[in-house]
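The exercises below concern the inside of a protein chain and its charged pairs. Work through each task with the sequence and the structure in view, then read the solution.

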Amino acid sequence: MNEKTYSFSHIVVINWGNRYCSTEGMYSFTTPYDGYRQNDYRYGAGLNLMYVKERLSLYSSLYYNHRNVNGRRTGDARLLQEDGSYYHMVASGERPEWFENYSANAGFDFDTEGGANISGSYYYGSRTEGRSAFYVYNNFYGDAEKDPIPGIPVDNDWLYNPNTDNRYGISHVASIDYSKNLDESSTLKLSALYEHSGLSRELDNRNYEFDPLTESAGDLEEHFRQADDTPLDGIRLSVEYEKELDNGHSFGVGFQPQYLKQSGPFTYDTLDVVTNTWGPYRALENAIDLSRGIYAGYVDYSGNAGDLNFIAGLRLEYTDQVLEIENPDYFSIFDRETEPRYEVNQLDWFPTLHLNYGLAEKSEITLAASKRISRPPTKNMAPFLYRRHYEVYLVGDTALKPEYLNNLELSIDQDIGKQSINLTGFYRGTSNAIFRVNTVYEEENVLIRSYTNSGNTTALGAELNTNLVVGTRAKIFLGGSLYNFRIGADIFSYQENNSSTNWSLKGNMNLIITKALKLTIDFDMKSATVTAQGRNELLYMANTAVNFTPVKLAGWDFSLRIFDFLSSNNTGLNTRAYNSDGIQIFFPGDRIYASGTHCGADSVICFQHQWQIRQKSKKHLWRGAVLVKQGRRHHSRGWGVMEYS
C-alpha cells in the first residue's frame, strides 16, 4: 500500500507565575473605604497550530493575556476665582488599571497549479481596558498658599470619589488575498478585508461624604453613570500591480479604497439619592453617526544607479467624511456654534523618498523623507461628556480634523568589526496638530478637557545608537537622542509658544553566564518636556531578568524578572490653563505613581513539534499532540481524526 507523508506542527507558549513582591507594599492593596482589592498579577498563554500538505497550509492560534497595574495619584490643583481667591482641590488615592486580551484566528494559504496564491483568514478578538480611582478630596477657598482670605468663606469640604472607567472591544475580521505572477516580470495582487467591532465604554462615578478625623466614608451624595455603545463596520479593498522593467528597476501602482461606518448612543444617568431612583440627564445624552470613505491610489518607482539605491513614491488620498449629531445642542467648551453635521471633503498627497548609498564595504548613508496623515479616533470627536473624576470632565470635539506628519532623516551606518554605529539627524514636524486642551468650567469649579487642532510641533535633533559585542559572553546596546522640541498653538485665544531641549537615553545588556543561564538588564530615560499647556517631568525606569533554559529539558524556559528596581516609575504632570486675556486660571500639581519595585517568577513553555502523518485512503490520523498540565507533558493517543471527501 502506497503511503504519503505530510507534516503537522504546533507551538505552545505559556507564561505564568507572577507572585509579585513590592518594596512599597502596593503589589496587592485594599482601599480603606470600600474594600476594593487588586493584585499585580500578569499571566498569559498562546497556542499556534499549523498543518502543511503539498500546496496547502492551514493554521490557527489562540492567545490570552491579563495584566494588572497598581498605582497611586496625588494632586494639588487650584482654580482662580472672580474675587481673586483660589478654589483648592487636594486629592490622593489609589489608581489601579487592568488589561485583558484574548483572541483566536484561523486561516489558509493555497498555491494553485496555475501559479496563483490564495490566502484567507478569520480573526476574533476581545479586549478590555479599565482603571479605577479611589481619591479623597479636600476642597476649600484660600490664597495661593492655601491660607484663608479675610471676608471669603473657606468652605472646607471633604469627599470620597471612587470611579471606574472600562472600555470594551470585540472584533471580527475576515480577509481574502489573491496574487498571481502574470509573467516573469509582473505581479497582480488583490485583497479584501471586512471588520465588525463592537466598541463600548462604561463609567461609574460616585461622591461620598468623608470624615478626615475617622478616615471613613459617609453617605452617598451623588452617583453618575455614563456609557456609549458605538459599533464599527469597515471594508477595505486593494488592487496592486508591480512590473520589473528591462533595466532591473521596478514600477508599482495600486488603488486602495476603504469605507467605515460607526454609530451609536451615549447615555447619562443620575441617581436621586433621596428616592434611590435613576433618571436620564436628557440635555447631555446624544448619539453620533460617522461615515468615512477614503479613496487612495499610489505609484512608486525603485531601482539603483551604481551604489545608489532609491525608492520614490506618491500616494493620493481623497477623504469623504460625514459626522452627524442627533442632538445639535450639545455641550462644548469651544466658542463656536454647534452644528448637526460636520463634513471633511479633501484631497491630500503624500510623497515618499528613500535613498541609500554605500560609502564603503561596511559603511552606508541613507536619506529618507515622507509625509503622512493621522486621523483622529471617533472617541475624540464624539460630543459625549464624561465625568472622569470629581474635578475633571472630558468631552470630544466634533470639528476635529486630521493632522499631518512630515519626516526627514539623514543617517550614517558604520560597522567596525563586530560593532555597529548608527548616527541619524532628523526633523519631525506636525501641522494642524491635535492637542488635548484644558480650561475651567466655572459653573461647577472643575477642569474640563477636550481635543482640538490648534497648532504645530517641530522636533530637530540627532540620535546615536550603538551595538557592541564584548568578547563571547556580552552584547550591549546603547542609544540616545538630543533634540529641540517646539510647540506653537492657539488655545482658547491664548498663544502658546513653548520649547525645550529634550533628550533620551536607553540601553540593554545581555550577559551569557553559562550555556543555560543568562542575565539581562535594560533601562530607559526620557527628559522633562514641554506640552501644549504645561510640562511633563523626567521619567526613567530600569528592569532586570535572569533566564534559565535547561539543556536537558527541551522546550522549557524559566525567568525571574524584576521590574522598576530603582522604584522610579512615577510621572509628574503639570498642566496649566490661561483665558483669552492671558490670565492663568488653572494651576497644576499632579503626580501619578505606578506600582513600585516588584519581581515576577515566570515560567515560559515553548514547544515546537512536528509529526509525520500517513495517508491511508481518505483519513489522516493525528498523533502525539502535546497537552500541558501543571508543568508536565502528557501525550494523548489517537487525538483527532480529520475526514476528507
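For sorting residues into classes, Ala, Val, Leu, Ile, Met, Phe, Trp, Tyr, Cys and Pro count as nonpolar, Asp, Glu, Lys and Arg as charged, and the others, Gly among them, as polar. The model is predicted, so local features need pLDDT of at least 70 and side-chain atom pairs pLDDT 80 or more, while totals for chains, interfaces and linings use all residues. Residues are numbered from 1 along each chain as its sequence is written, and side-chain values use heavy atoms, with hydrogens and water left out.

**Exercise 1. The second largest pocket**

Task: describe the lining of the second largest pocket by class and by strand.

Solution. Start with the term: on a 1 Å grid over the protein atoms alone, a pocket is an open set of points with protein on both sides within 12 Å along at least five of seven lines, a cavity is a set where a 1.4 Å probe fits but cannot get out, and lining residues have an atom within 4 Å of a point. A volume is the space filled by probe spheres set on the points, which are joined across faces, edges and corners. The volume here is about 450 Å³. Of the 24 lining residues, I333, F334, D335, T439 and F492 are the closest to the pocket's centre. By class, the lining has 11 nonpolar, 8 polar and 5 charged residues. Strands (DSSP runs of E, at least two residues, numbered from the N terminus) come next: β23, β24 and β25 each give at least two residues to the lining.

**Exercise 2. The cavities**

Task: find how many cavities of 30 Å³ or more the structure has, and what lines the largest.

Solution. The search of the whole structure gives 2 such cavities.

**Exercise 3. The largest nonpolar core**

Task: state which residues have the most contacts inside the largest nonpolar core.

Solution. A nonpolar core is a set of buried Ala, Val, Leu, Ile, Met, Phe, Trp, Tyr and Cys residues joined through side-chain atoms within 4.5 Å. Buried means under 20% relative accessible area, exposed over 50%, and partly exposed in between (1.4 Å probe, protein chains only). The largest core has 38 residues, and L323 and F435 have the most contacts inside it. Elements that give two or more residues to this core include β14 (250-272), β16 (286-305) and β23 (419-441). Beyond its neighbours within four places in sequence, L323 is in contact (heavy atoms within 4.5 Å) with residues including I288, D289, Y342 and T398.

**Exercise 4. Salt bridges**

Solution. A salt bridge is a side-chain nitrogen of Lys or Arg within 4 Å of a carboxyl oxygen of Asp or Glu. The structure holds 20 of them. In the pair K261 and D289, the closest N and O atoms are 2.8 Å apart. For practice, repeat the steps with E409 and R428, whose side chains meet in a salt bridge at 3.4 Å, N to O.

Methods: Helix = DSSP H or I, 4+ residues; strand = E, 2+ residues; numbered from the N terminus.
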